[in-house]
Amino acid sequence: MYSFGWIPITALFCYVFLFFAFAAAKKTKVIKSFMVLLMVMVLWTGGSLAMRLQLWPSVEFWYHVSLLGVFFLPCTFMGFIMDFLDIRKKACRIFGQVFFLGSYILNLFTGIFLPPPSVVEGSAKGVQFVYDFSWPIIIPFAVAGCLLGIMVYYIFRGCKGNMVLKKQLTPILAGIVILFTGHMCLMIPFFKGFPIDVLSGVFNAFFMFYALYSKRLFKLTLLISRWNCYIASAVISIVLFYQSIPVMGKFARESLKMSESVAIMAIAALYMISTIVLYTVMKRFLDNIFVREELVQTENLKEFSHAVSKTLDIDEILASMVDVIRKTIEVNKIYICIEDLNGNYVIKRSTSPLDENSFLLRADHPIIQYLKKTDGSLMMKDFKRTIGYKSMWESEKRQLQEWRIECFVALKDEEDLEGLVMLSEKPRHSSFTYDDMSFLTSVGSVSSMAVKNSRLYEKAYEEARKDELTGLLNRKSFYEVIEEAYEANKESSLALAILNIDDFKLYNQLYGAAEGDIALQKIAQIIKSTVGENGYVARYGGKEFALILPRFDLYSARNLAENVCSQIKELNRYSGEYSMKALTMSGGVCAIPYTASNVQELISNADLAVYTVKRSGKNAVMVYSEGQAKRGEEATALRSKSSYNEYASTIYALTAAIDTKDHYTFSHSKNVAYYAGELARGFGMNDECIDIVKEAGLLHDIGKIGIQEDILNKPGKLTAEEYEIMKTHVENSIGIIRHLPSLDYVIPAVIGHHERYDGKGYPRRIAGEDIPLMARILCIADSFDAMISVRSYKASMPVERAFAILEEEAGKQFDPKLVPVFINLVKSGTIKIAEG
Amino acid sequence: MRFQDKLREVSQSELWEEYCGFLELTVEEFMKIQKRLLREQMELWGKSGIGRRILGGRIPENIDEFRRMVPLTTYEDYADMLLQKEDSVLPAKPILWIQTTWEGGRHPIKVAPYTKSMLDTYKDNMMACFMLATSSQKGQFDLSPRDHMLYALAPLPYATGLLPVLLGEEMDVEFLPPVKEAEKMSFSERNKKGFKMGMGKGIEYFFGLGSVTYFVSRSLAAMQKSSSGKGGLSKLSSISPKMLLRLIRARGRCKEENRELMPKDLFQLKGFMCAGTDNKCYKDDLEKLWGIRPMEIFAGTEPTCIGTETWSRNGMYFFPDACFYEFIPEREMERNLADPLYVPHTLLMDEVSPGEKYELVITVLKGGAFARYRVGDVYRCEGIGNKEEGTRIPRFSYVDRIPTIIDIAGFTRITEHSISSAVKLSGLAIEEWFAQKEFNEENHPLLHIYVELKRGQMISSAVSVQVIRDHLSVYFKYVDQDYTDLKKILGMDPLKITILKTGTFQNYESKFGGLLRRINPPEYEVSRLLQEQFSVAPDGRY
């Protein structure tokens with residue numbers, strides 16, 4: 001072994017170590033080029049070493065291996081430089097490869113450039129290798145020189161005006177200079193016998209390694225794998241033992257007097273033990289330098305994943321997230337924003353609750369848009385370089401700047417951005433590392449799944465508990481809540497108020513179901529805001545609300561219910577262009593322990609109180625008391641008595657208006673009112689209904705005010721067009737009556753009096769029992785009077801003929817149950833035929 | 001981080017993305033940025049004193065409402081509030097006020113407030129212009145803090161004076177001569193000093209109004225000629241050896257080619273930018289002189305820096321974050337000129353059509369004072385994107401000022417009011433006139449006034465074309481300082497007079513029921529009027 005034998009061994013070890021290290025890295029084009037270059041260097045250095053050691057099979061073999069490395073060094077080096085600079089020209093590269101391969105093969109068979117050295121033994125310096133250079137060696141040198149020139153040109157061109165690339169290329173350039181200088185030094189006598197060329201190769205490799213590292217092309221910790229440690233410790237052990245075996249053998253045999261075989265065994269055992277020790281020490285040492293931080297991160301991430309997998313509570317998840325980030329990465333502040341119902345991202349958790357106020361990132365915020373399109377995390381400094389930054393508002397920029405936000409981590413599950421984490425700067429202005437970013441990305445992906453599940457669960461839970469339209473508790477959860485409230489308050493008191501909207505069906509008929517829904521929402525809002533945190537509100541039925549009031553007595557519960565009712569009554573006072581019907585409520589109040597002893601009793605008593613109010617005139621709140629069902633009169637009736645007399649003047653004014661235009665319609669309306677009223681009475685309806693039918697009869701043709709007189713009084717048949725105009729009188733009637741909320745209860749009868757039992761009528765084409773009963777009554781009365789009266793376009797019809805038509809049309813135009821009742825009433829003289 | 005630090009820390013592609021990334025936008029993305037920033041501005045402007053006065057206290061809630069509620073405005077709408085420089089009525093606190101002349105206005109100057117945010121945007125867009133000026137392809141540029149810039153622009157408080165201030169914040173580029181010295185110098189002193197310093201240090205960038213850069217470039221040869229005479233050798237001490245070598249080689253080459261020395265013989269510009277109007281008249285000549293085609297940028301006092309050409313020098317693109325742009329189609333603009341009460345409708349960037357001309361309407365973003373402001377410039381949409389450049393947003397070219405303003409070489413803006421004043425002051429017996437902007441055989445702009453003299457006075461006073469020209473020229477200089485500068489700086493006297501036969505205007509009026517517009521009337525009206533004079537007897541009879 002020559003005296004500087006350790007240099008090629010170290011070089012070889014470095015190349016092999018780097019090669020295996022990069023074998024584990026993600027292979028980009030540049031890394032692949034670097035690995036090819038390392039391989040070429042391994043051939044060069046390894047071949048040279050084996051040749052000098054005269055290993056098997058022969059010096060000549062190892063010489064050619066080494067020469068293969070040397071020949072391919074220029075073109076692989078150029079390949080690396082071109083890939084590093086992303087230069088895609090292939091001509092030079094291919095030329096170099098073909099030329100050097102050809103030259104190598106030529107030299108292999110002819111030795112034209114550099115034949116294998118002759119081995120001279122027995123000199124003072126041991127074995128010597130004598131090379132016999134011939135002039136053609138200049139050719140490959142010249143080509144290599146050209147390639148070197150091209151490389152330097154590429155490097156300088158790349159650096160021009162590009163400071164960043166210049167910085168990255170500086171170590172490569174330094175490596176080339178060192179490699180070149182190393183080879184030049186071979187000619188200086190001072191370095192004679194010293195493998196300066198090999199040593200310069202090692203430096204060059206490390207400079208290239210640094211260049212790749214500064215270009216962030218691999219992760220340093222990737223180099224520390226178990227296999228790398230095995231290889232490194234094995235190589236170090238081999239080198240150590242290769243040098244020390246003769247000494248140790250001598251020492252064992254001579255000083256310790258061991259036999260040959262025992263000495264060999266002892267040395268082998270020592271070799272094995274020291275290799276293991278070396279491996280362990282190396283692994284620990286490297287772990288401490290590079291991997292400890294990563295291990296801590298992995299451990300924290302594992303704990304965090306475990307914690308969030310156990311809960312569906314979003315607050316717990318976000319709290320764990322803040323904890324794990326704080327524990328692993330040193331940051332001053334953390335803010336977590338979660339998407340709300342409007343698609344905006346609001347702060348749900350932070351390390352500084354005082355900063356939270358009303359900050360939100362709008363759905364169209366450029367950062368949100370960016371994170372939706374990309375995965376992982378985003379550095380503010382990088383975002384500032386995107387076009388998205390240009391659309392940020394000054395106030396948004398200011399806010400993020402104020403909080404010194406430096407990093408955003410997306411909580412993204414597939415395509416959905418559930419939320420984002422904003423991290424402020426790190427202490428001492430240190431920047432976020434590659435490992436920090438990887439860790440945050442991992443936390444982000446674990447959290448996003450947990451947040452999504454938690455939000456879905458919360459949404460489903462809320463949906464299951466709440467009424468969709470009003471957002472109040474639904475009937476099912478009402479029973480759960482009242483039970484819970486009872487359990488919690490049975491030692492004190494628990495009141496229940498049930499509020500039922502009066503005449504809500506009519507309201508829907510008047511203004512449509514959509515308006516009805518809006519009214520329900522408004523009522524719910526009023527109740528919710530009045531009850532506030534003092535109790536719970538549920539939509540107990542379609543038009544019924546329940547107020548669960550823990551620790552309320554009867555007096556305060558009734559006051560609250562009356563307060564709600566009076567607010568609801570004012571609801572439609574100023575709404576829209578015309579006054580809408582005022583909504584009133586009938587309410588019942590009951591409380592434990594005063595008038596009920598358990599939940600069931602509480603609910604049924606409150607229900608009973610509502611029923612009593614409904615029966616005694618509606619629009620009131622009643623407190624349940626014993627025997628109340630029988631004493632409806634105790635209701636605190638707020639509603640003034642509705643009667644025909646109250647509205648008589650209005651109805652008279654309206655009918656008088658039509659009289660001025662069309663006298664026939666006026667008398668017809670009076671007749672219809674009479675017939676319809678009597679039919680209602682004959683059919684067994686109560687007085688209130690009879691009054692309504694009469695009022696509807698008087699008003700049913702009021703819309704004819706809007707029809708031209710020439711159509712109204714036209715002798716003969718109407719044209720199709722005129723008939724269409726005539727038909728509009730029904731809608732006109734409604735249009736007039738709906739402006740009079742006090743008379744709106746007649747609308748169902750008026751709107752349906754031209755509907756046919758078989759569904760072929762107008763305006764709504766409804767059929768059978770869907771047509772309100774009063775409308776069906778009005779229809780018969782209207783038609784009968786029309787048949788037997790004289791009209792501008794026809795003479796009067798005999799009553800018998802009219803009966804025949806009624807019977808004929810029973811089940812078609814008319815209600816088949818009402819027709820016989822009406823005919824009997826006329827025949828019996830109960831209904832008298834009107835005169836004129 | 002300053003731009004020059006970014007040059008060291010950030011890759012070229014990232015810098016390109018940061019400053020020139022807007023060129024990659026689709027029209028939809030462009031509009032998204034525009035609309036988002038307008039929403040911010042609507043909020044700021046609507047609540048400001050200016051906004052409250054124009055909107056009468058109403059606040060628009062969306063962009064359609066904003067366009068419906070805010071009328072198209074001119075400086076007249078803001079004058080009484082802005083000329084007082086009253087911060088409290090503005091949407092945001094201004095950092096500085098930029099000034100310009102108010103053509104035909106009731107006050108000699110107009111002022112516009114610039115907020116911090118506007119200046120930041122201005123700076124970024126200006127840096128994008130610089131990058132593009134040095135680029136020959138997408139993603140490539142060549143800027144260095146060691147470079148030198150020759151600039152031919154007015155100092156602060158004029159908008160052009162912002163350039164050295166803003167550029168100085170980002171890069172240590174050396175201005176030739178230094179800004180502080182230049183402010184105290186006359187225009188020609190500044191040029192001489194700039195070139196002298198350039199001979200010693202080199203010139204990498206050149207920026208100025210198109211007309212001024214042309215004049216400066218032409219004067220270089222003259223300066224060289226004079227310096228080669230007496231005292232030539234004494235000045236050699238200020239020339240760097242590199243430049244000396246170039247000068248010697250250039251002289252040899254010029255002698256060989258029998259031509260004058262041109263700037264391109266001495267300097268290798270990295271970037272050449274020009275602004276202002278009439279640049280198209282000078283671009284070819286400037287390219288010949290410097291060996292590099294100037295890149296046009298679009299900036300103004302009220303709108304800030306709003307657009308730039310790219311490496312292809314083939315049409316400009318608007319920056320998405322400087323202003324919200326609306327466009328009045330040419331037909332609508334003409335209709336409005338004929339009937340000032342007519343409210344023209346506007347189009348947005350995603351509604352413009354290639355080949356059409358539009359008057360620009362801007363709403364300055366980032367706390368600016370102007371909303372739906374008629375800048376007075378006309379652009380032509382050259383196309384939607386450009387395959388060569390890989391762009392997808394509309395591409396425009398600058399046409400000229402609106403027809404009622406005659407802008408000569410970016411220096412002076414002549415209106416009906418200024419010509420009327422000059423005519424009145426001159427005391428010349430001019431009965432009627434109209435004026436239009438024309439270009440001479442060298443493609444340089446000129447102001448052509450057609451006059452009809454008062455009948456009967458031609459005998460009693462000398463009123464030749466030369467007399468009228470000289471008279472009006474004198475009074476133009478009197479009423480318009482910029483016109484004086486035109487002569488002083490560019491050596492231009494761009495006035496051309498044509499005397500029309502007496503009775504031409506009267507005849508035209510009686511035949512067509514009205515007179516033609518006095519400034520830049522439509523071409524067909526001009527030819528009808530010119531034909532009319534042949535059918536009029538000198539005494540006015542047919």
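In this predicted model, Glu204(B) is in contact with Asp147(B), His148(B), Met149(B), Leu269(B) and Lys270(B), once its neighbours within four places in sequence are left aside.

From chain B the view may pass to the place where the two chains meet. Here 12 residues of chain A are in contact with 23 residues of chain B. On the side of chain A that touches chain B, the residues divide into four nonpolar, four polar and four charged.

Chain A also carries annotations from a record. An unreviewed UniProt entry lists eight stretches of chain A under "transmembrane region": residues 6–24, 36–55, 61–82, 94–113, 133–156, 168–190, 220–242 and 262–282. Two of them can be described from the model. Residues 94–113 of chain A are 85% helix and 0% strand, with the end C-alpha atoms 21 Å apart. Residues 133–156 of chain A are 79% helix and 0% strand, and there the end C-alpha atoms are 34 Å apart.

Further along chain A comes helix 25, which spans residues 729–737. Its buried residues are His729(A), Val730(A), Ser733(A), Ile734(A) and Ile737(A). Why do the buried residues of helix 25 of chain A line one face of the helix? Seen down the helix axis, they fall within an arc of 145°, and therefore they line one face. Against these buried residues pack helix 22 (687–699), helix 24 (720–727) and helix 26 (747–751) of chain A.

Another pair of helices in chain A may be followed in detail. Helix 27 (residues 773–788) and helix 28 (residues 799–809) of chain A pack at an angle of about 145°, and their axes are 9 Å apart. The crossing of helix 27 of chain A with helix 28 of chain A is right-handed. Helix 27 of chain A contributes Ile780(A), Phe784(A), Met787(A) and Ile788(A) to the contact, while helix 28 of chain A contributes Val799(A), Ala802(A), Ile805(A) and Leu806(A). By class, this contact between helix 27 and helix 28 of chain A comprises eight nonpolar residues, with no polar and no charged ones.

Definitions and conventions: Residues numbered from 1 in each chain as written. Chains lettered and ligands numbered in written order. Predicted model: local features only at pLDDT ≥ 70, side-chain atom pairs only at ≥ 80, totals over all residues. Contact = placed C-beta atoms within 7 Å. UniProt positions renumbered as here; feature names shortened; annotations may be inferred. Helix = DSSP H or I, 4+ residues; strand = E, 2+ residues; numbered from the N terminus. Nonpolar A, V, L, I, M, F, W, Y, C, P; charged D, E, K, R; others polar. Axes fitted to C-alpha atoms, helices over the stretch in contact; angles between N-to-C directions. Left-handed = near helix turned anticlockwise from the far one by under 90°. Buried ≥ 20, exposed ≤ 12 C-beta atoms within 10 Å, placed from the backbone. Arc of directions from axis to C-beta.
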